[in-house]
Amino acid sequence: MSYVATLICDPARPVLDADRLAAVRACVPGLSESDTLAPGVAEDLAFELAPKDRASEEAAPEAIAEIERAIRDRLGDAPVDVVVQKRAGRRKRLLIADMDSTMIGQECIDELADVLGKKAEISQITERAMRGELEFEPALRERAAMLAGLDAGIVDTVLATKITVTPGARMLVQTMRADGAYCALVSGGFTVFTSVVAEWLGFHEHRANRLESTDGKLTGRVAEPILGRQAKRDRLSALLAEQGLPAEAALAVGDGANDLAMIDLAGLGVAYHAKPAVAAVADARIDHGDLTALLYIQGYRAADFVRD
């Protein structure tokens, strides 16, 4: 069976020069092909396992892990992400993505809190929940309660002045859509934000929680049931059934503990600039690249990207 190790760095800081690539190629046994996906930014190294490793279900994963360790050792402290996977089936047909600190650079609830002068207090709770130190649902209720009385119209101001799209986000969604993939945005945040971000980026659908309001003011309550960790996994499972796809055809990406269940179910679960608990268990972790890294690990070339 063929495997591929994809090396990716931040497009704004290309570091995959000829010398570094030559050094890495030399440490990959069974190397069959080296393919440049983007000069200086992304490279595919295809390889075959030795017959003795292919013959055992137990030996193959260890052999692959050893090759990945060798690549990382050869790269040293270079800011390069490494993703090793089977070549077959790497192009995914379904994208399911978290929003806050993944498709956008902020946590929306923290930015709402900033308007009230409560950002430090609420962001501390957000951070603990994303690290898995607090149960998501009660933590969300607690934070939403602190927003009681806020003018609901402030959401438009926050969107216009504080929310920024993560580099590569629109290219990721638009390129996968153009290739026939279904794209879903699922967030433990709020629909007042996902509805806009989904339109900005081109998602087919969005799911999130609903902030309740009365007479133009937030009540401090979130409509039940709350969309959290299990709800994200359940939506992925439903989408697979609706699209007639196996779990292996899905790519899930997120950064926090409430993304773990969908990351676990997807054929390729990606921890994007993620909390340690997520990075430790995901199939792949992106610590240096932007969201176009998710295209490179599927074998897309930079020339294939939709750049509207």
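Is Phe47 buried or exposed? Select Phe47: this residue is buried, with a relative accessible area of 0%. Here buried means under 20% relative accessible area, exposed means over 50%, and partly exposed lies in between, with a 1.4 Å probe and protein chains only.

Before going further, note that this is a predicted model, in which local features need pLDDT of at least 70 and side-chain atom pairs count only at pLDDT 80 or more, while totals for chains, interfaces and linings use all residues. Residues are numbered from 1 along each chain as its sequence is written, and side-chain values use heavy atoms, with hydrogens and water left out.

**The whole chain**

Display the protein as a cartoon. The secondary structure comprises 14 helices and 12 strands; these are DSSP runs numbered from the N terminus, helices being H or I of at least four residues and strands E of at least two. Along the principal axes, the C-alpha atoms fill a box of roughly 70 × 35 × 35 Å.

Of the 308 residues, 52% count as buried.

Contact means heavy atoms within 4.5 Å. Among contacts between residues at least 6 apart in sequence, 65% join residues at least 24 apart.

**The aromatic pairs**

Select the rings of Phe, Tyr and Trp (its six-membered ring), which pair if their centres lie within 6.5 Å; planes under 30 degrees apart count as stacked, over 60 as edge-to-face and the rest as tilted. By this rule the protein has two aromatic pairs. Tyr3 and Phe47 form a stacked pair, 5.8 Å centre to centre with 20° between the planes. Because Tyr3 lies in strand β1 (residues 2-9) and Phe47 in strand β3 (residues 42-48), this pair ties together parts that are 44 residues apart in sequence. Tyr3 counts as buried, at 7% relative accessibility.

Move on to Tyr296 and Phe305, whose aromatic pair is tilted, at 5.2 Å centre to centre and 50° between the planes. Tyr296 counts as buried at 4% relative accessibility, and Phe305 is buried with a relative accessible area of 7%.

**Leu45 and its surroundings**

Return to strand β3 and select Leu45. Leu45 is buried, with a relative accessible area of 0%. Leaving aside neighbours within four places in sequence, the residues in contact with Leu45 include Tyr3, Val4, Leu7, Val24 and Leu31. For a view across the model, draw a line from Leu45 to Ala148: the C-alpha atoms are 53 Å apart in space, and the residues are 103 apart in sequence.

**Backbone details**

Where does a cis peptide bond join Glu224 and the next residue in the model? Select Glu224 and Pro225, which are joined by that cis bond with omega of about -5°. Pro225 is in the loop between β9 (217-222) and α11 (229-243).

Ser101 has phi of about 60° and is found in helix α4 (residues 99-103); at 22% relative accessibility, Ser101 counts as partly exposed. Asp215 has phi near 55° and sits in the loop between β8 (211-214) and β9. With a relative accessible area of 76%, Asp215 is exposed.

**Two further selections**

Asp77 is in the loop between α3 (59-75) and β4 (80-86) and counts as exposed at 77% relative accessibility. The C-alpha atoms of Asp77 and Arg20 are separated by 12 Å, the residues being 57 apart along the chain.

Finally, select Glu127 in helix α6 (residues 119-130). Glu127 is partly exposed, with a relative accessible area of 30%. Glu127 and Lys275 are 148 residues apart in sequence and 9.1 Å apart in space, C-alpha to C-alpha.
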